[in-house]
Amino acid sequence: MGAIHAATPPPQPSPVSTAAGVSRATVLITLGRLPKCLDIARSFHKLGWRVIVAEPFAWHLTRTSNVVAKTFQLTAPNTNREKYLTELTDIIQQEGVTLVVPVSEEILHLSFLRDRLPAHVRLYAMPSALLLRLHNKRTFIDVCREIGVSAPETALLTDEHALAITAESDFITKPIFSCSGRGVTFHPRSDKLPVADPAAPMIVQRWIKGNVVSTFSVVHEGTALTTVVYRGAVMSGSVSVAFERLVESQPANVAIQQWVNQFVKALNFTGFISFDFVEDAEGRVHAIECNPRATSGAHFVRPDDLARAVVDHAIRADEIRFRDETLLQQFYPCLTEVQKAMFTSRFLPMLKKFIDARDVTWSWRDPLPFWTMTFTASQIIWLSIKHKATFGEVATLDVGWYKDAPTGLPSQNLPPRI
């Protein structure tokens, strides 16, 4: 990516008045347990912002970071969503917050703050109706069809068309609301469909076989300021714990960049947005899921530039640079997967990736998050043991969106069409 030009200095946050007096502008990051949250916090701190973090866990990765001025523990939205939003509103007022940045699954809940915030507070999220439509794995395919971009043939489990898909090809079933591969199953052609559960609607999707590739983009008013195209190098279940960026010259990268640009332009999207693609044997790319939030691809953007892409509306795409490293890892989860593979044929290739990859958490200037991670991740570790699932599958159970109608909020059965 291009270098930052001296003629375009980073925007400086304006002072704001708080109960404690005048201070730097304050950004509220609404999750702190994941490494991408730490990257975003460090980036805003480097840009001169005061960084605070609010999230349901008492201890989390960013709590021990020296770039975070204050942390708050909240009620989990999947325990009481209305209380969660009220507590956030109180923090925003008390701390003089001017920018709220959702990071992960909690964005679906945070989007309902839009009408509660003062005019001077910016929420870095699109309206809830659109986000829910993209998060829903069935309606996301509808959006792709409307825009004219490629996606696999998909139907609700209860639709007659689902039977046609299963009769013609191998297929996949998965919940319409899920993340990190939870509930995804793969089936041979003509396999029997699972019994429909009205409380947990599912989709049937044509199984397109090929290379799975993911993206992360920062978008402003329909223009992708940067798009990272990457793939899993070491997997924990269906979640990558080591990941490799595809260089710009690779054919799949070019096709995917074009797909993303067309999609976000059609929606006039602003914010973080991520996709999972399959590149088939003919080199065609098909989007299988949308994550209207940040993903691990955020780690490939230089910390100097990540926050700038959020707050500087005049920034150019060639001013947002990637890290020099194309192979990154989350050290402890990756170490766990390498150890599990020790007596298999996968061990040596995984070990090489582990040795070669740069850890995303370690920083000489901010070392505690790395050294204390075993302790600060204890709630995730416990949930993993309790549910007999991977860290990725349980890390957002309390903040993910798994129902159509949240407690205390209007029904969102099917967000309006774009």
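Asp-318 forms a salt bridge with Arg-316, and their closest N and O atoms are 3.2 Å apart. A salt bridge here is a side-chain nitrogen of Lys or Arg within 4 Å of a carboxyl oxygen of Asp or Glu. Side chains of opposite charge can pair when their charged atoms come close. Asp-318 is partly exposed, with a relative accessible area of 35%. Arg-316 also counts as partly exposed, at 36% relative accessibility.

A word on the model comes next. The structure is predicted, so local features need pLDDT of at least 70 and side-chain atom pairs count only at pLDDT 80 or more, while totals for chains, interfaces and linings use all residues. Residues are numbered from 1 along each chain as its sequence is written, and side-chain values use heavy atoms, with hydrogens and water left out.

The structure holds 28 salt bridges. One of them joins the side chains of Arg-50 and Glu-95, at 2.6 Å from N to O. Arg-50 sits in strand β4 (residues 50-55), and Glu-95 sits in the loop between α2 (81-94) and β6 (97-101), so the pair ties together parts that are 45 residues apart in sequence. Helices (H or I, at least four residues) and strands (E, at least two) are DSSP runs, numbered from the N terminus. Are these two residues buried or exposed? Arg-50 counts as buried, at 15% relative accessibility. Glu-95 is buried too, at 9%.

Now take Glu-244 and Lys-353. Their side chains meet in a salt bridge of 3.6 Å, N to O. This pair links distant parts of the chain: Glu-244 is in strand β14 (residues 239-245), Lys-353 is in helix α10 (residues 347-356), and they are 109 residues apart. Glu-244 is partly exposed at 22% relative accessibility. Lys-353 is partly exposed as well, at 26%.

Salt bridges can also join into a network. Lys-46, Asp-304, Asp-305 and Arg-321 are linked in this way.

Key: Buried means under 20% relative accessible area, exposed over 50%, partly exposed in between (1.4 Å probe, protein chains only).
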